Amino acid sequence: MIAIQNSDVDIGALITSAKKKGTGAIVVFDGVVRDDNIREMELEAYEEVALHELEKIAAEAQAAYNLISVDIIHRIGCLALGENILVIVVGAGHREEAYGGSRFIIEAIKAGVPIWKKELCRDGDRWVPGEHPHGRRPKN
Amino acid sequence: MTIKVRFFARFRELLGTDIVVTAQEGTLLLGLVKKTAEKSREGYDAIFDAKGEFREYVIVMQNGRRMETATAGSTPVSDGDEIAVFPPVAGG
C-alpha cells in the first residue's frame with residue numbers, strides 16, 4: 001500500500017499483511033511528531049506528484065533490495081505530538097535486505113518527495129527546512 | 001491560453017495557490033511565474049533574487065516534472081500546463 005492520507009495508520013495490520021511467503025524479516029520505520037517545544041505539526045503535500053514519487057521509490061527499493069513487500073504511508077494535515085507521520089513497512093527474505101530497503105526509502109523520501117512540515121509553536125510557527133536544498137536525491 | 005500556477009508551503013502562504021493565469025502564445029515560464037508572484041513583494045522576494053532569477057533553492061515543476069530553473073527564461077509554457085513552485089522538501 002502506497003498512500004498519502006489524513007487518517008492514522010494501522011501498523012499492526014500492515015505487519016500482518018507483510019508476512020508473505022518467503023518473508024523472514026520485516027522492518028518498520030515509524031516517524032512521529034517529536035516534542036521540540038511545539039504544539040502540533042501541519043503537513044502539506046503536492047499530492048499527485050508526491051504519490052507518484054513514493055510509488056517510484058517503492059519500486060526502486062523493491063528491485064534494489066529484493067524486497068517481498070513495501071508499504072509507505074505518509075500522513076498530511078494537522079498532527080499532534082507523538083502521532084505517526086510516516087510509516088514504512090518492508091518485508092524481505094533476510095534482515096540485511098529489509099534494513100537496507102527501509103533506509104533507502106526514508107532517505108529518498110527526505111531528499112525528493114514534495115511534502116513539507118510546519119511546526120506550530122507557542123511562540124509562532126516555522127516551516128521545517130529541507131535537508132536537500134536542490135530537492136534532488138543525493139547520488140550514491 | 002490558460003496555465004495553472006501552484007505554490008506550496010511558505011510560497012503558498014505568501015501568494016496563494018491554484019492560480020489560473022491567462023497568457024499569450026510564446027510566454028516563457030520565468031516571466032509567467034514572475035508576473036504571478038508580483039502581487040506580493042514578500043512572495044516575489046522569497047522566489048526571485050535581485051537579478052530576477054529563481055533563487056538557488058527554489059524548485060520548479062512543469063506538469064509534474066522537475067525542471068532546471070536556469071532554463072526557465074527560455075522555456076515556453078503551453079495551454080493547460082501546470083507549473084508548481086516550491087521550497088526544498090521536508091517530508092518524512
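Two residues are in contact if their C-beta atoms, placed from the backbone, lie within 7 Å. With that in mind, welcome to this predicted model, in which 15 residues of chain B are in contact with 23 residues of chain A.

**Chain A as a whole**
- Chain A contains eight strands and three helices, and their order along the sequence is β-α-β-β-α-β-β-β-α-β-β.
- With a radius of gyration of 15 Å, close to the 14 Å that the globule rule gives for 140 residues, chain A is as compact as a globular protein of that length.
- Along the principal axes, its C-alpha atoms fill a box of roughly 50 × 35 × 25 Å.
- Of the 140 residues in chain A, 39% are buried.
- Taking contacts in chain A between residues at least 6 apart in sequence, 75% join residues at least 24 apart.

**Where chain B touches chain A**
- On the side of chain B that touches chain A, β3 (59-62) and β5 (82-86) each supply at least two residues.
- The residues on this side of chain B comprise 11 nonpolar, three polar and one charged.

**The strands around β3 of chain B**
- β3(B) runs antiparallel to β5(B), joined by four bridges; here B:Gln62 stands opposite B:Ile83.
- β3(B) also pairs with β4 (residues 65-67) of chain B, in the antiparallel sense, over three bridges, and B:Val60 has B:Met67 as its bridge partner there.
- Two residues lie between β3(B) and β4(B) in their hairpin, and B:Asn63 in the turn has a positive phi of about 55°.

Note on methods. Residues numbered from 1 in each chain as written. Chains lettered and ligands numbered in written order. Predicted model: local features only at pLDDT ≥ 70, side-chain atom pairs only at ≥ 80, totals over all residues. Rg over C-alpha atoms; globule rule 2.2 N^0.38 Å. Buried ≥ 20, exposed ≤ 12 C-beta atoms within 10 Å, placed from the backbone. Nonpolar A, V, L, I, M, F, W, Y, C, P; charged D, E, K, R; others polar. Pairing = 2+ DSSP bridges.
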